[in-house]
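Trainee: Please work through this structure with me by question and answer, stating each cut-off where it is needed.

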Amino acid sequence: MNDQQRRRPAKPHRRPQKDPVRFLAFEALRAVDERDAYANLVLPPLLKKARAKGDFDARDAALATELVYGTLRRQGTYDAIVASCIDRPLREVDPPVLDVLNMGVHQLLGTRIPTHAAVSASVELARVVLGEGRAKFVNAVLRKVSADDLDGWVARVAPSYDEDAEDHLAVVHSHPRWIVSALWDALGGGRAGIEDLLEADNERPEVTLVARPGRSTTDELFTALGDENGLPGRWSPYAVRMAEGGEPGALAAVQDGRAGVQDEGSQLVATALANAPVDGSDTRWLDGCAGPGGKAALLAALAAERGAALLAAEKQPHRARLVERALAGNPGPYQVITADGTRPPWQPDSFDRVLMDVPCSGLGALRRRPESRWRRRAEDLESFAPLQRGLLREALKAVRVGGIVGYATCSPHLAETRVVVEDVLKGRGGQPVEAEWVDARPLMPGVPALGDGPDVQLWPHLHGTDAMYLALLRRTA
């Protein structure tokens, strides 16, 4: 070292700069990982707090939302890419480091953010939340990732389709292999259909509103949204789709509970049950698993138009309170109770219509809750199975002879849908039930690709809805 080098002053230490947008996105990702929280519940209050402090505008909120949801949706693909860029097993990378890395990979490969900005912003975030040493690791990995685009990386890290079709689809479309297998079994068909479905799971879903009949109208919602911000529903007569970036909570009808946010698949399930023909009286309706209350609110409105009363039952007290809030102001008679549908307080033969939207794996709503795909395990379905069968058996006891039961799940997995219904009807694990299938397809008029019936499976890529399942059963004895 010469004298000039010795005399050169050291660079002053620079404090890392906190980027509010990326820091908030990191906070949300950590909550999802550490607390098993859901992004759609964690992110809104974080954004509201940031807006209140004046840190965020609409563009900042949109970027933070994209960083959180994009990182979660593509986590499987990004994990495979990161794993190929490091010299240790991925499981040995601390989860906070992996969150920063995957968020950086998403900026590089899944957005239009310039490469230099994506890398520098991610390294700066790492300095703030991880420290200088791990920031250097993040920098090294992201510079390797920036050498290619998403297609190039996928070609490197995914096995060929011919070698292992399910593993190829799992890496390319960022789903666990067991979910790919289960969805493919439920969907049937060849490669094109399953790829379309998996890709639809990675798309940001539209926000869909429901105008609860007798309380609001689609015309009111269109007027409130404006011509450019409201689109007609595809299938439900009560649906209005919002243009991207809209705030449903700002609408008076939503604030008053006369309208709500509800996927069209859920609207179709409720209206199909309400419109199914019954023999005799039609005055007593039951929603036996009513939380958080969206279907119950639509059923209550439909029941009120006909002079019928709805009983909404929910086992969990906090979810029962959500149901009460959703039904508040309904013009017709209704009651909300906290009750377990497998040990019901009501007498057999008490209702003309019963909906059992049973707890399930939630594989039909992966667009809305992308973190679910990484939490669920194939063995989880075993824990749901007895509950689903028990709830359906009790629903068929609760309905009178000639009445209708709707068995619904937000999952297309065969073990949660048709297999459950067939087991109950045939008495597997219990007494046989005297009931017959009712073809649900005519009760969803205009909806294409509903299969061979009599039950209905909706799909994100075919219908633009969550993958809701509905079986309608009429009790015969």
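Trainee: In which loop is Pro454 found?
Mentor: This is a predicted model, in which local features need pLDDT of at least 70, side-chain atom pairs count only at pLDDT 80 or more, and totals for chains, interfaces and linings use all residues. Residues are numbered from 1 along each chain as its sequence is written, and side-chain values use heavy atoms, with hydrogens and water left out. Gly453 and Pro454 are joined by a cis peptide bond with omega at about 0°. With elements taken as DSSP runs numbered from the N terminus (helices H or I, at least four residues; strands E, at least two), Pro454 is found in the loop between strand 10 (435-438) and strand 11 (456-457).

Trainee: Which residue is joined to Pro292 by a cis peptide bond?
Mentor: Pro292 is found in the loop between strand 5 (284-287) and helix 16 (294-305). The cis bond, with omega of about 5°, joins Pro292 to Gly291.

Trainee: Is Ser174 buried or exposed?
Mentor: Ser174 is found in the loop between helix 10 and helix 11, and its phi is near 60°, a positive value in a residue other than glycine. Relative accessible area, computed with a 1.4 Å probe on protein chains only, counts as buried under 20%, exposed over 50% and partly exposed in between. Because its relative accessible area is 0%, Ser174 is buried.

Trainee: What is the relative accessible area of Ala449?
Mentor: Ala449 is found in the loop between strand 10 and strand 11, and has a positive phi of about 55° although it is not a glycine. Ala449 is partly exposed, because its relative accessible area is 48%.

Trainee: At what angle do helix 5 and helix 9 pack?
Mentor: Axes are lines fitted to C-alpha atoms, for helices over the stretch in contact, and angles run from 0 to 180 degrees between N-to-C directions. The axes of helix 5 (residues 75-83) and helix 9 (residues 150-157) are 10 Å apart, and the two helices pack at an angle of about 75°.

Trainee: Which residues of helix 9 make the contact with helix 5?
Mentor: Angles from 65 to 115 degrees count as roughly perpendicular, so helix 5 is roughly perpendicular to helix 9. Taking contact as heavy atoms within 4.5 Å, helix 5 contributes Thr77, Ala80 and Ile81, and helix 9 contributes Leu150, Trp153, Val154 and Val157.

Trainee: Which residues of the largest nonpolar core touch the most other members?
Mentor: A nonpolar core is a set of buried Ala, Val, Leu, Ile, Met, Phe, Trp, Tyr and Cys residues joined through side-chain atoms within 4.5 Å. Elements giving two or more residues to this core include helix 2 (20-34), helix 3 (39-52) and helix 8 (132-145). Of its 48 residues, those touching the most other members are Phe56, Val68, Val138 and Val145.

Trainee: How many disulfides does the structure hold?
Mentor: A disulfide requires a pair of cysteine sulfur atoms within 2.5 Å. Cys360, buried at a relative accessible area of 13%, is in no disulfide, the nearest cysteine sulfur, that of Cys410, being 5.8 Å away. Cys85 also counts as buried, at 6% relative accessibility. The number of disulfides in the structure is zero.

Conventions:
Parallel < 35°, antiparallel > 145°, perpendicular 65-115°, else oblique.
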